[in-house]
Amino acid sequence: MMREVPDFPEPGIQFKDLTPLLADAGGLSAVADALAATADGADLIAGIDARGFLLGAAVAIRLGTGVLAVRKGGKLPPPVHTETYQLEYGTATLEIPADGLDLTGRTIWIIDDVLATGGTVAAANKLLISGGATVLGAAVVLELTALGGREVVAPLPVTSLHTV
Ligand code: AMP
């Protein structure tokens with residue numbers, strides 16, 4: 001239920017498209033259950049733009065928590081916490097609101113679809129910590145182990161449902 005797209009969005013990148021999995025009722029339910037089972041102790045789920053929003057909301061409903069959208073740069077009104085970081089392809093910025101939601105003392109699991117170089121999860125972790133939260137771990141559907149993202153994110157623990 002995963003589509004592999006060679007040379008997207010850049011030459012040399014093997015893009016893993018989880019659209020068929022997420023569009024399948026049983027697939028979405030199984031993935032939400034498995035991710036929720038790993039997010040032990042979370043009182044808030046942080047889903048990373050954009051597929052992490054879908055998964056994060058599903059996990060949060062399973063756990064009975066709320067969900068926080070970690071947005072790509074430029075989408076949120078000020079004030080924001082911002083992190084710019086290296087992607088497998090290019091650079092990117094993530095943001096969370098610096099106002100309107102107090103993260104002090106919150107215990108968070110980060111949810112995303114794919115762990116590649118780890119820069120995205122590491123940036124989300126920094127953002128949430130700068131907001132005052134305790135980040136317990138990150139859970140992803142798919143980990144591209146050859147890219148070493150787990151080491152980049154360490155010591156934050158990462159749970160992946162599948163590895164390639
Ligand atoms: P990274 O920061 O390198 O771990 O990249 C993770 C983020 O980029 C995730 O939000 C993924 O959705 C996306 N991503 C990076 N590489 C791939 C890939 N090869 N296939 C699918 N998504 C990817």
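Mentor: Happy to! A residue is called buried under 20% relative accessible area, exposed over 50%, and partly exposed in between. Keep in mind that this is a predicted model.

Let's start with helix H2, residues 25-38. At 1.5 Å a residue, its 14 residues should span 20 Å, and the end C-alpha atoms are 21 Å apart, which agrees. At the start of H2, a side-chain oxygen of Asp24 comes to within 3.2 Å of the backbone nitrogen of Gly26.

Now look at how H2 sits. Its buried residues are Gly27, Val31, Ala32, Leu35, Ala36 and Thr38. They cover an arc of only 155° around the axis, so they lie on the same side of H2. That buried set packs against helices H1 and H3 and strands E7, E8 and E9. The face turned away from the buried side carries the exposed residues Ala25 and Ala37.

Arg62 lies in helix H3 and Asp33 in H2, so the pair ties together parts that are 29 residues apart in sequence. Asp33 is partly exposed, with a relative accessible area of 40%, and Arg62 counts as partly exposed at 40% as well.

For another pair, turn to Glu4 and Lys16, whose closest N and O atoms are 2.8 Å apart. Glu4 is in strand E1 and Lys16 in strand E2, so this bridge links parts 12 residues apart in sequence. Glu4, at 39% relative accessibility, counts as partly exposed, whereas Lys16, at 12%, counts as buried.

Definitions and conventions:
Residues numbered from 1 in each chain as written. Predicted model: local features only at pLDDT ≥ 70, side-chain atom pairs only at ≥ 80, totals over all residues. Heavy atoms only, no water. Helix = DSSP H or I, 4+ residues; strand = E, 2+ residues; numbered from the N terminus. Expected span 1.5 Å × (residues − 1). Buried < 20%, exposed > 50% of the residue type's maximum accessible area, 1.4 Å probe, protein only. Arc of directions from axis to C-beta. Contact = heavy atoms within 4.5 Å. Polar contact = N/O pair within 3.5 Å; in protein donor to acceptor, adjacent residues only side chain to side chain. Salt bridge = Lys/Arg side-chain N within 4 Å of Asp/Glu carboxyl O.
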